[in-house]
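Subject: Handover of a structure

Dear colleague,

Please find below the structure that I am handing over to you. My notes on it follow.

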Amino acid sequence: MELDWERMYQDFTACATEGDCGALCRQGPRGIAACCDSRRLPLVVFGDELAWARAQTACWHRMRPRNPAERRAVATWAEHVALARCATPRHCDRPYRSLTCRMFPLEPYLDAQGRFIGLTYIYGAARLCPLIGSQMDLRQEFVNQSMAIWDQIFAAYPEERSCYRKASRQLRARFARQGRTVRLFRPTT
C-alpha cells in the first residue's frame with residue numbers, strides 16, 4: 001500500500017493543545033522548541049514522506065547520524081525510515097510539518113494481544129517536552145487524527161506495528177517494575 005502524503009497532511013491538522021504547543025517551550029536560549037531542535041532531538045521520518053515534503057518546501061533535509069549512538073540506532077531501522085532535520089525551526093512551515101512533528105509527544109500503544117488501542121507519551125522525551133506527564137489535557141481531535149494516521153501507517157508498513165508492539169510491551173514491563181501506570185489517550189468512537 002502506498003501512502004498519500006498530501007492527503008494525510010490535509011487530514012491531520014489538529015494541534016495537541018490549543019494553539020501552537022511549541023510556543024510553550026520556545027523560551028530556551030536558542031528560541032527553538034526542543035521538539036523542533038534537531039541538535040537535541042533527531043527527527044525520524046518516513047523516507048517517502050521526506051521525499052514528498054522536500055518537493056513541497058525547502059525546510060526539510062535528510063540528515064546523517066552524528067555520533068556512534070545514532071549510527072547504531074539508524075542501522076537497526078527499517079528501510080522506510082530516515083533521519084531528517086528542519087532547516088527553519090524558528091520559522092516553521094506549519095502546513096509541511098512532518099507527521100512526527102504533528103504527533104509529538106505521542107506514539108502508538110498496543111495491548112498485550114497486539115491491538116492498537118491508543119496513544120501514549122514518548123516517555124523518553126519527558127525532559128524535553130512540558131506536555132509529557134503534565135496534567136494538561138490533549139485535544140481529543142488531536143488524538144483521533146493521530147490514531148487515524150497510525151492506522152494508515154500500520155497498513156502500509158506492518159513492521160511498524162511489530163516495532164510498537166515490542167515498545168509497548170517493554171514500556172508496560174518497565175512501568176510495572178516502577179509501580180507506575182502508562183497514560184493512555186484513546187480515540188472517541
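Gln-140 counts as partly exposed because its relative accessibility is 34%, where buried means under 20% relative accessible area, exposed over 50%, and partly exposed in between (1.4 Å probe, protein chains only). This residue is found in helix H5; helices (H or I, at least four residues) and strands (E, at least two) are DSSP runs, numbered from the N terminus. Gln-140 and Thr-188 are 48 residues apart in sequence, and their C-alpha atoms are 7.6 Å apart in space.

Please note that this is a predicted model, in which local features need pLDDT of at least 70 and side-chain atom pairs count only at pLDDT 80 or more, while totals for chains, interfaces and linings use all residues. Residues are numbered from 1 along each chain as its sequence is written, and side-chain values use heavy atoms, with hydrogens and water left out.

Aromatic pairs

The structure holds 12 aromatic pairs. Rings of Phe, Tyr and Trp (its six-membered ring) pair if their centres lie within 6.5 Å; planes under 30 degrees apart count as stacked, over 60 as edge-to-face and the rest as tilted. Phe-12 and Phe-142 form a tilted pair, with 6.1 Å from centre to centre and 35° between the planes. This pair links distant parts of the chain, as Phe-12 lies in the loop between H1 and strand S1 (43-46) and Phe-142 in helix H5 (residues 140-156), 130 residues apart. Both Phe-12 and Phe-142 are buried.

Phe-116 and Phe-154 form an edge-to-face pair, at 5.2 Å centre to centre and 85° between the planes. Here, too, distant parts of the chain are linked: Phe-116 is in strand S5 (residues 116-121) and Phe-154 in helix H5, 38 residues apart. Phe-116 is buried because its relative accessible area is 13%, and Phe-154 counts as buried at 5%. Phe-116, Trp-150, Phe-154 and Tyr-164 form one aromatic cluster.

Salt bridges

The structure holds 4 salt bridges, each being a side-chain nitrogen of Lys or Arg within 4 Å of a carboxyl oxygen of Asp or Glu. One of them joins Arg-7 to Asp-11, with the closest N and O atoms 3.5 Å apart. Both residues lie in helix H1, 4 residues apart, about one turn of the helix. Arg-66 forms a salt bridge with Glu-70, with 2.2 Å between the closest N and O atoms. Arg-66 is partly exposed at 38% relative accessibility, whereas Glu-70 counts as buried at 11%.

Yours sincerely
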